[in-house]
Amino acid sequence: MAGLGLFKRLLDAPLVFEDQRGRMEVLYESDGMVLKRSTSKKHVMRGLHHQIPPAQQNKIIRVLSGSIIDFVADPDDVDEVVWWSEINPVDQWVQIDSRLAHGFYAAEDVIFEYFCEGGYSEKHEKTFLITDLLERELGLKNLLLSDKDSSGRMFGKVLKKSERCD
């Protein structure tokens, strides 16, 4: 059996992107799925990111250590409601539907993983900026953002806490 090649090493080493906010590792990527792990320092805001057709992505996410304030929004919602919830390692995996833009704020240093069903396409990614809403409603200031996230389309008129759906 050992000679049949039943097990194949997928990546010799993860692809790594690192900056002052933390680190992103692409652990596995194919046309149909992506597995990533990121570390983010306290006060880092990542997203909101949304993959549009034909490159939609369903996501399942989890926090391995630390805690985040997680955000989702429907980019087509004329009321521009942004939903939020606190997520920590106790919550295990959380599903994010492909119709939603997603992002998170690192409430403390955090290690975060996500599995995406559907490949990543930079040209099909839209970015939404919710910093004004977060400052006004949650008092979050001086967020650490990437250049890409800082230049996203301003979004968010209403912030609502999400009810848990266990």
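Pro 54 sits in the loop between E4 and strand E5 (58-65). In this predicted model, the peptide bond that joins Pro 53 and Pro 54 is cis, with omega of about 10°. A cis peptide bond also joins Gly 47 and Leu 48, where omega is about 15°. Leu 48 belongs to strand E4. Most peptide bonds are trans, and most residues other than glycine have a negative phi.

Positive phi values also occur here. His 43, which is not a glycine, has a phi of about 85°, and its place is the loop between strand E3 (33-40) and E4. Asn 142 has a positive phi near 50° and is likewise a residue other than glycine; it is found in the loop between helix H1 (131-138) and H2.

| Site | Feature | Value |
|---|---|---|
| Gly 47 and Leu 48 | cis peptide bond | omega about 15° |
| Pro 53 and Pro 54 | cis peptide bond | omega about 10° |
| His 43 | positive phi | phi about 85° |
| Asn 142 | positive phi | phi near 50° |

The largest pocket holds about 690 Å³ of space. Its lining has 28 residues, and those closest to the pocket centre are Met 24, Lys 36, His 49, Tyr 114 and Lys 148. Two or more lining residues come from each of strand E1 (15-19), strand E2 (22-29), E4, strand E9 (101-106), strand E10 (110-117) and helix H2 (147-150). Which element gives the largest share of this lining? That element is E2, with five residues. By residue class, the pocket lining divides into eleven charged, nine nonpolar and eight polar residues.

**Cavity**

The structure also holds one cavity of 30 Å³ or more. The space in the largest cavity is about 40 Å³. Its lining is formed by His 49, His 50, Gln 51, Gln 57, Lys 59, Ser 98 and Leu 100. Strand E4 (residues 45-51) gives the most to this lining, with three residues. The cavity lining divides into five polar residues, one charged and one nonpolar. His 49 lines this cavity and is also among the residues closest to the centre of the largest pocket.

**Chain as a whole**

Two helices and 13 strands make up the secondary structure elements of the chain. The radius of gyration is 16 Å, close to the 15 Å that the globule rule gives for 166 residues, so the chain is as compact as a globular protein of that length. Along the principal axes, the C-alpha atoms fill a box of roughly 60 × 35 × 35 Å.

Of the 166 residues, 42% are buried. Among the contacts with a separation of 6 or more, 74% are between residues 24 or more positions apart. The accessible surface of the chain is about 9800 Å², and carbon and sulfur atoms account for 51% of that area.

Note on methods. Residues are numbered from 1 along each chain as its sequence is written. This is a predicted model: local features need pLDDT of at least 70, side-chain atom pairs count only at pLDDT 80 or more; totals for chains, interfaces and linings use all residues. Side-chain values use heavy atoms; hydrogens and water are left out. On a 1 Å grid over the protein atoms alone, a cavity is a set of points where a 1.4 Å probe fits but cannot get out, and a pocket is an open set with protein on both sides within 12 Å along at least five of seven lines; lining residues have an atom within 4 Å of a point. Grid points are joined across faces, edges and corners, and a volume is the space filled by probe spheres set on the points. Helices (H or I, at least four residues) and strands (E, at least two) are DSSP runs, numbered from the N terminus. Ala, Val, Leu, Ile, Met, Phe, Trp, Tyr, Cys and Pro count as nonpolar, Asp, Glu, Lys and Arg as charged, and the others, Gly among them, as polar. The radius of gyration is taken over C-alpha atoms; the globule rule is 2.2 Å times the number of residues to the power 0.38. Buried means under 20% relative accessible area, exposed over 50%, partly exposed in between (1.4 Å probe, protein chains only). Contact means heavy atoms within 4.5 Å. Accessible areas come from the Shrake-Rupley method with a 1.4 Å probe; for residues, only the protein chains shown count as cover.
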